[in-house]
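Here are my notes on this one, point by point. Have the viewer open while you read.

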Amino acid sequence: EAPGRQTDRQGVSTVSNRRRIVVNTLAALCLGVLGGAAFAPSASAAPSCTPGSGAHLAGKHLDAAAISAAGSLQCADLTGADLSGLSLGQANLSGILAPHAKFANASLDQADLSGADLTGADLQHVDLTQATLTGANLTGADLAHARLDQAEAGDVTLSGADLTDASVIQTHLSGAKLDGAKVGGADFTQADLNGTNFDGAK
């Protein structure tokens with residue numbers, strides 16, 4: 001066979017192989033993306049237990065030993081309890097019943113507080129960096145000088161809360177209620193405020 005024809009056939013074969021590689025690669029990428037989406041972790045859901053049905057620690061002054069002894073704090077009754085200064089980073093506090101509880105100066109970074117009742121709680125100087133507060137009720141809570149950077153707080157209720165000088169950088173607050181809240185000096189840089197209610201905030 002003429003050398004020219006052999007070269008042409010080899011060229012066609014090479015192009016065909018390259019096309020197969022590209023198609024296979026694209027298919028693998030598509031499967032990877034779809035597979036990743038299928039198994040991607042979902043956002044924290046509402047607590048599976050009834051708020052306040054967990055450990056009964058209402059009114060108690062708690063330290064690290066007491067927290068350890070209690071085991072799980074999920075859906076615990078912490079009404080009026082004092083947890084000031086405790087390190088509770090990454091703790092599961094979803095569904096806690098903690099109206100008027102004291103958390104001043106506590107570390108709650110990356111903690112799960114979804115669905116928590118923190119009405120009137122003292123959260124001054126608390127570190128809530130990357131915490132989950134989805135659906136939590138913080139009506140009238142004191143969050144002065146608190147840090148909520150990159151927290152997930154969609155649909156959170158902060159009506160009448162004190163956020164004076166709080167750091168709320170890159171925080172997700174979509175659908176949040178901050179009506180009547182004190183926000184003087186608060187830093188909302190790059191926060192997601194889509195649908196956030198600031199009626200009467202000052």
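1. First, the bookkeeping. Helices (H or I, at least four residues) and strands (E, at least two) are DSSP runs, numbered from the N terminus. What we have is a predicted model, where local features need pLDDT of at least 70 and side-chain atom pairs count only at pLDDT 80 or more, while totals for chains, interfaces and linings use all residues. Residues are numbered from 1 along each chain as its sequence is written, and side-chain values use heavy atoms, with hydrogens and water left out.

2. Now the overall picture. The protein has 2 helices and 0 strands. Of the contacts (heavy atoms within 4.5 Å) between residues at least 6 apart in sequence, 7% join residues at least 24 apart. Accessible areas come from the Shrake-Rupley method with a 1.4 Å probe, and for residues only the protein chains shown count as cover. The protein exposes about 10500 Å², with carbon and sulfur atoms supplying 53% of that.

3. How much of the protein is buried? Buried residues make up 36% of the 202; the word means under 20% relative accessible area, with exposed being over 50% and partly exposed in between (1.4 Å probe, protein chains only). A nonpolar core here is a set of buried Ala, Val, Leu, Ile, Met, Phe, Trp, Tyr and Cys residues joined through side-chain atoms within 4.5 Å. The largest such core has 50 residues, and Phe103, Leu108, Leu138 and Leu143 have the most contacts inside it. Take Leu108: beyond residues up to four places away in sequence, its contacts include Leu88, Leu93, Phe103, Leu113, Leu123 and Val126.

4. Have a look at Asp149, in the segment after helix 2 (64–70). Asp149 counts as buried because its relative accessibility is 11%. Its side chain reaches the backbone nitrogen of Ile169 at 3.1 Å. A polar contact, by the way, is a pair of N or O atoms within 3.5 Å; within protein, one must be able to donate a hydrogen and the other to accept it, and residues adjacent in sequence count only if both atoms are side-chain atoms. Leaving out residues up to four places away in sequence, Asp149 touches Leu128, Thr129, Gln130, Ser167, Val168, Ile169 and Thr171.

5. Gln170 also sits in the segment after helix 2. Gln170 is partly exposed because its relative accessibility is 36%. Which side chain does Gln170 join in a polar contact of 2.8 Å? That of Gln150. Setting aside neighbours within four places in sequence, Gln170 is in contact with Gln150, Thr189, Gln190 and Ala191. Gln170 and Thr189 are 19 residues apart in sequence, with their C-alpha atoms 6.2 Å apart.

6. Next, two backbone angles to check. Most residues other than glycine have a negative phi. Cys75 has a positive phi, near 60°, and His125 has one of about 60°. Both Cys75 and His125 are in the segment after helix 2. Cys75 counts as buried because its relative accessible area is 0%, whereas His125, at 43%, is partly exposed.

7. On a 1 Å grid over the protein atoms alone, a cavity is a set of points where a 1.4 Å probe fits but cannot get out, and lining residues have an atom within 4 Å of a point. The structure holds 1 cavity of 30 Å³ or more. Leu148, Leu158, Leu163, Val168, Leu173, Leu178 and Phe188 line the largest cavity, which holds about 30 Å³ of space. Grid points are joined across faces, edges and corners, and a volume is the space filled by probe spheres set on the points.

Definitions and conventions:
On a 1 Å grid over the protein atoms alone, a cavity is a set of points where a 1.4 Å probe fits but cannot get out, and a pocket is an open set with protein on both sides within 12 Å along at least five of seven lines; lining residues have an atom within 4 Å of a point.
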